[in-house]
Amino acid sequence: MKIQPPLSILVLHGPNLNLLGQREPQIYGALSLATIDSRLKAEAALLLVDIVTAQSNHEGVLVDKIHEALGRHQGILINPGAYTHTSVALRDAIAGVGLPAVEVHLSNVYRREEFRHHSYIAPVAVGQISGFGANSYLLGLRALVYHLQEGQGEGKEQGKS
Ligand code: DQA
């Protein structure tokens, strides 16, 4: 059996998520981004995958990070924040690198203002998880890892009828 190196996932947090914990806690919860990142690291260790986390308030920096993921990471977990609803550039970057991406949101964007109901990212993502607070990230990481592992050969029984 061929030994596979551990999967590596890039976790990207978009604008204003550096303020988590103090930013509208009634919507986004009381946990800081550092706490969410450390929970993600613990979850990654359980799943036997590596993760690298990054946050930026700048669209172009996020685009660069998505480009740099090529050849370094096998998938992207992204909370694009407000860029979800505005950014063709982020959508094109994800489509351009062709890496599987899972979109996550702390809040349930579909229960909020109308302008949050549209995502430019969702059509180029494997899937979206929204509304479970910090657990959206943990669920998203698990979903992405399962998706990637299926591609590596596990879960092939799914194709059988
Ligand atoms: C968010 C939802 C977005 O609409 C908002 O602009 C954010 C956070 C979330 O995680 O719930 O910044 O992505």
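These legends walk through a few close-up views of a predicted model.

View 1. Five strands line up in the order β2-β1-β3-β4-β5, and their pairing is parallel. The edge positions go to β2 (50–55) and β5 (127–130); each has a single partner strand, so one side of each lacks a neighbour in the sheet. Direction ignored, neighbouring strands here are turned by 20° against each other on average.

**View 2. Strand β3 and its two partners.** Take β3 (residues 75–79) and look at what it pairs with: three bridges tie it to β4 (residues 101–105), running parallel, and five bridges tie it to β1, also parallel. For landmarks, find I76, which sits opposite A101 in β4, and I78, the bridge partner of L12. To get from β3 to β4 the chain passes through helix α4 (residues 88–97), and this β-α-β crossover is right-handed.

**View 3. How β3 is covered.** Side chains in a regular strand alternate between the two faces of the sheet. In β3, G75, L77 and N79 are on one side, I76 and I78 are on the other, and all are buried. That makes five of the five residues of β3 buried, so the strand is largely enclosed by the rest of the structure.

**View 4. Helix α3 across the sheet, with α4 alongside.** Helix α3 (residues 59–69) lies across β1 (8–13), β2 and β3, and runs at about 175° to β1. Now bring in α4: the axes of the two helices come within 9 Å and cross at roughly 5°. Angles under 35 degrees count as roughly parallel, so that is how α3 and α4 are described relative to each other. On the α3 side, the contact is made by E59, L62, V63, I66 and H67; on the α4 side, look for A89, L90, A93, I94 and V97.

**View 5. Helix α5 and what it packs against.** Helix α5 (residues 135–151) has 17 residues and reaches 24 Å from its first C-alpha to its last, close to the 24 Å expected at 1.5 Å a residue. Which of the residues of α5 are buried? They are S136, Y137, L138, G140, L141, L144, V145, L148 and Q149. An α-helix has 3.6 residues a turn, so residues three or four places apart point the same way. The buried residues of α5 pack against β1, α2 (33–47), β2, β3, β4 and β5.

**View 6. V52 in strand β2.** V52 is part of β2, and with a relative accessible area of 41% it is partly exposed. Leaving aside residues up to four places away in sequence, V52 touches I9, L10, V11 and H73. L12 is 40 residues from V52 along the chain, and their C-alpha atoms are separated by 8.5 Å.

**View 7. Two loop residues with a positive phi.** Most residues other than glycine have a negative phi. N16 is not a glycine, yet its phi is positive, at about 75°. You'll find N16 in the loop between β1 and α1 (25–28), where its 34% relative accessibility counts as partly exposed. L48 isn't a glycine either, and its phi is positive at about 60°. L48 lies in the loop between α2 and β2. Is L48 buried or exposed? At 68% relative accessibility, L48 counts as exposed.

Methods: Residues are numbered from 1 along each chain as its sequence is written. This is a predicted model: local features need pLDDT of at least 70, side-chain atom pairs count only at pLDDT 80 or more; totals for chains, interfaces and linings use all residues. Side-chain values use heavy atoms; hydrogens and water are left out. Two strands pair if DSSP finds at least two bridges between them. Helices (H or I, at least four residues) and strands (E, at least two) are DSSP runs, numbered from the N terminus. Axes are lines fitted to C-alpha atoms, for helices over the stretch in contact, and angles run from 0 to 180 degrees between N-to-C directions. Contact means heavy atoms within 4.5 Å. The expected span of a helix is 1.5 Å times one less than its number of residues. Buried means under 20% relative accessible area, exposed over 50%, partly exposed in between (1.4 Å probe, protein chains only). A crossover is right-handed if, with the strands pointing away from the viewer, the path from the first strand over the helix to the second runs clockwise. Angles under 35 degrees count as roughly parallel, over 145 as roughly antiparallel, 65 to 115 as roughly perpendicular and the rest as oblique.
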